[in-house]
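Please read the points below with the structure open beside you, and take them in order. They go from single side chains to the fold as a whole.

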Amino acid sequence: MTAVQGTEQALLVLEDGRVFRGRSYGAIGTALGEAVFSTGMSGYQETLTDPSYARQIIVQTFPHIGNTGVNDEDAESSRIWAAGYVVREAARIPSNWRAQRTLDEDLVAGGIVGIQQVDTRALTRHLRDRGAMKSGIFSGEAAKASVEELVKTVNAQPSMEGANLSELVSTKEAYTVEPADHGYTGEVRYTVAAIDLGIKMMTPQRFAERGVRVHVLPHDASFEDVTATGAHGVFFSNGPGDPATANVQVDLVRQVLEARIPYFGICFGNQILGRALGFGTYKLRFGHRGINQPVLDKATGKVEITSQNHGFAVDAPREGAANAPLERFGRVEVSHISLNDSVVEGLNCLDLPAFSVQYHPEAASGPHDASHLFDRFITNMAAAKNAAATTADSTQGEK
């Protein structure tokens with residue numbers, strides 16, 4: 001792969017044979033992945049560095065990308081995880097006081113093959129009607145092959161269904177995020193064990209800002225690893241891939257629930273809680289991606305505008321409370337639903353201190369309507385800690 005100035009011919013080829021022609025953007029070569037569209041009008045740097053986009057080619061529906069450049073502060077991880085990038089108009093010169101370089105430079109440095117001057121409106125309508133599908137971007141020598149050959153290359157790649165990608169994006173070593181590193185000046189209030197399935201940097205920061213110490217653990221952490229941190233609660237992050245493959249994580253959540261340790265999951269963590277309770281999951285036609293997704297909070301009747309990035313969802317009854325399919329976990333209810341397509345957007349356990357949502361309350365970049373969920377989790381940890389102290393006092397008194 002080599003750098004480009006946007007002069008090379010490039011092709012975006014879909015598995016159904018549809019071809020979109022444009023000019024190269026970023027690195028030159030071949031990119032293979034699932035084509036998905038993101039509806040955010042801002043936050044392209046955060047989108048590209050979100051590990052949940054691993055093995056996906058992002059189509060930006062907003063027509064102008066790169067206007068504000070990129071900087072060293074806004075990335076959500078240490079690298080660009082998207083497999084490829086599709087835009088309508090790529091800015092040639094960024095204009096923002098925080099810009100340190102162009103987006104094109106970051107794409108080249110990361111070896112990310114992209115394409116510009118594509119009719120992204122027509123492409124998005126195609127994906128909306130036909131569903132997310134296998135795709136490839138080809139530029140330079142790769143673009144000289146016949147369309148028939150390129151379609152075969154696209155279709156030969158593995159499907160996102162059945163993909164287990166947590167190991168790819170997760171931290172290899174545990175690390176700790178301290179409240180003092182993010183402006184909190186008081187004593188540490190609580191400790192959380194966060195399982196990294198593709199965690200974004202802003203998530204532990206949101207906890208730290210509230211006085212919570214976060215131990216970020218690898219995707220395959222055991223229950224013993226979790227309890228060794230002294231955690232008052234367990235958090236499961238977002239991440240890429242098919243939740244049907246996350247058996248190790250499902251087993252861990254079941255142990256957490258059985259121990260009555262407060263649980264909070266987002267995105268992939270919502271799907272894993274659903275599976276832990278006994279519900280199934282399924283692949284959405286084209287998923288929810290962007291920072292403008294409306295969700296109904298059934299408890300309050302309020303509508304929250306949320307940041308989302310998921311292609312799978314939990315299959316659970318949307319009305320009323322019901323016993324979990326694994327009855328030992330008691331009653332559960334769907335707490336939030338999408339106002340676009342009624343997809344399950346949250347679960348709430350009524351007999352256990354556990355809840356989850358399908359969206360991203362840390363929302364960087366994005367709306368902060370759902371930031372209160374971090375406080376809700378802290379409230380659950382406080383209640384569990386107080387209950388444990390009361391039990392200990394009662395036991396001591398009996399002695």
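Predicted model: local features only at pLDDT ≥ 70, side-chain atom pairs only at ≥ 80, totals over all residues.

1. Buried means under 20% relative accessible area, exposed means over 50%, and partly exposed is what lies in between.

2. Which residue does Arg101 pair with in a salt bridge? The partner is Asp72, and the closest N and O atoms of the two residues are 2.9 Å apart. This pair links distant parts of the chain, since Arg101 sits in the loop between β7 (89-90) and α2 (103-109), while Asp72 sits in the loop between β5 (64-65) and β6 (84-86), 29 residues apart.

3. A further salt bridge joins the side chains of Arg130 and Asp16, with an N to O distance of 3.2 Å. Here too distant parts of the chain are linked, as Arg130 belongs to helix α3 (residues 120-130) and Asp16 to the loop between β1 (9-14) and β2 (19-26), 114 residues apart. Arg130 counts as exposed, at 51% relative accessibility, whereas Asp16, with a relative accessible area of 36%, is partly exposed.

4. Lys144 forms a salt bridge with Glu141, the closest N and O atoms being 2.8 Å apart, and both Lys144 and Glu141 are exposed. Elsewhere, salt bridges that share partners connect Asp50, Lys200 and Glu362 in one network. The count of salt bridges comes to 15.

5. Helix α4 (residues 147-156) deserves a slow look. Its buried residues are Leu150, Val151 and Val154, and, seen down the axis of α4, these fall within an arc of 100°, so they line one face of the helix. The face turned away from that buried side carries the exposed residues Glu148, Lys152 and Ala156. What do the buried residues of α4 pack against? They pack against the strands β1, β3 (30-38) and β9 (133-139).

6. In soluble globular proteins, nonpolar side chains tend to be buried together. In this model the largest nonpolar core has 35 residues, and those with the most contacts inside it are Ile195, Phe236, Val253, Leu257, Tyr263, Ile272 and Leu277. Among the elements that give two or more residues to this core are the helices α7 (223-228), α8 (247-258) and α9 (268-277), together with strands including β11 (190-195) and β13 (233-236). A second, separate core of 24 residues includes Tyr190, Val216, Phe235 and Phe264.

7. Leaving aside neighbours within four places in sequence, Phe236 is in contact with residues including Ile195, Leu197, Leu252, Val253, Tyr263, Phe264 and Ile272.

8. The secondary structure of the whole chain comes to 10 helices and 20 strands. The radius of gyration is 22 Å, close to the 21 Å that the globule rule gives for 399 residues, so the chain is as compact as a globular protein of that length. Taken along the principal axes, the C-alpha atoms fill a box of roughly 80 × 45 × 35 Å.

9. Buried residues make up 54% of the 399 residues. The chain exposes about 16600 Å², of which carbon and sulfur atoms supply 47%. Among contacts between residues at least 6 apart in sequence, 75% join residues at least 24 apart.

Notes:
Residues numbered from 1 in each chain as written. Heavy atoms only, no water. Salt bridge = Lys/Arg side-chain N within 4 Å of Asp/Glu carboxyl O. Helix = DSSP H or I, 4+ residues; strand = E, 2+ residues; numbered from the N terminus. Buried < 20%, exposed > 50% of the residue type's maximum accessible area, 1.4 Å probe, protein only. Core = buried A, V, L, I, M, F, W, Y, C linked by side-chain atoms within 4.5 Å. Contact = heavy atoms within 4.5 Å. Rg over C-alpha atoms; globule rule 2.2 N^0.38 Å. Areas by Shrake-Rupley, 256 points an atom, 1.4 Å probe, with all protein chains shown as cover. Arc of directions from axis to C-beta.
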